[in-house]
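This report describes the fold and strand pairing of one protein. Please consult the sequence and the model shown below while reading.

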Amino acid sequence: MNRLFPLLLLILLPTAALAQEAALTVQKIMQDPDTWIGGWPSAPRWAEDGQALYFTWNPQGRFEADSLFRVPRPGGEAQQVPPE
């Protein structure tokens, strides 16, 4: 048992140090949220046939302006709608 304790400390101390280093603070989160969450989706509207939800969005600030996206009614990944 006495040999196990120093080994346990060697394993747990670096882990605890990394956990403290990676802790999120309000300042870190709010410094520039657009770089890690992008803008919020806006202007949601259903397709005329009700089979898809359309909205404007700019995920992770990738585009100059918000782009049109669609999600099928059953769910799934948002897909950017081509300009045409």
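How many helices and strands does the secondary structure of the protein comprise? There are two helices and four strands, where helices (H or I, at least four residues) and strands (E, at least two) are DSSP runs, numbered from the N terminus.

## Basis of the model

The model is predicted: local features need pLDDT of at least 70, side-chain atom pairs count only at pLDDT 80 or more, and totals for chains, interfaces and linings use all residues. Residues are numbered from 1 along each chain as its sequence is written, and side-chain values use heavy atoms, with hydrogens and water left out.

## Overall organisation

Read from the N terminus, the order of elements is α-α-β-β-β-β. Of the 84 residues, 12% count as buried, that is, under 20% relative accessible area with a 1.4 Å probe, protein chains only.

The accessible surface, computed by the Shrake-Rupley method with a 1.4 Å probe, comes to about 7200 Å². Carbon and sulfur atoms contribute 62% of that surface. Among contacts (heavy atoms within 4.5 Å) with a separation of 6 or more, 7% are between residues 24 or more positions apart.

## Strand pairing

Strands pair if DSSP finds at least two bridges between them. Strand β1 (residues 42–46) runs antiparallel to strand β2 (residues 52–57), and three bridges join them. The two form a hairpin with five residues between them; in the turn, G50 has a positive phi of about 75°.

Strand β2 also pairs with strand β3 (residues 67–72), in the antiparallel sense and over six bridges. L53 in β2 is the bridge partner of W46, and V71 in β3 is the bridge partner of L53.

Methods: Buried means under 20% relative accessible area, exposed over 50%, partly exposed in between (1.4 Å probe, protein chains only).
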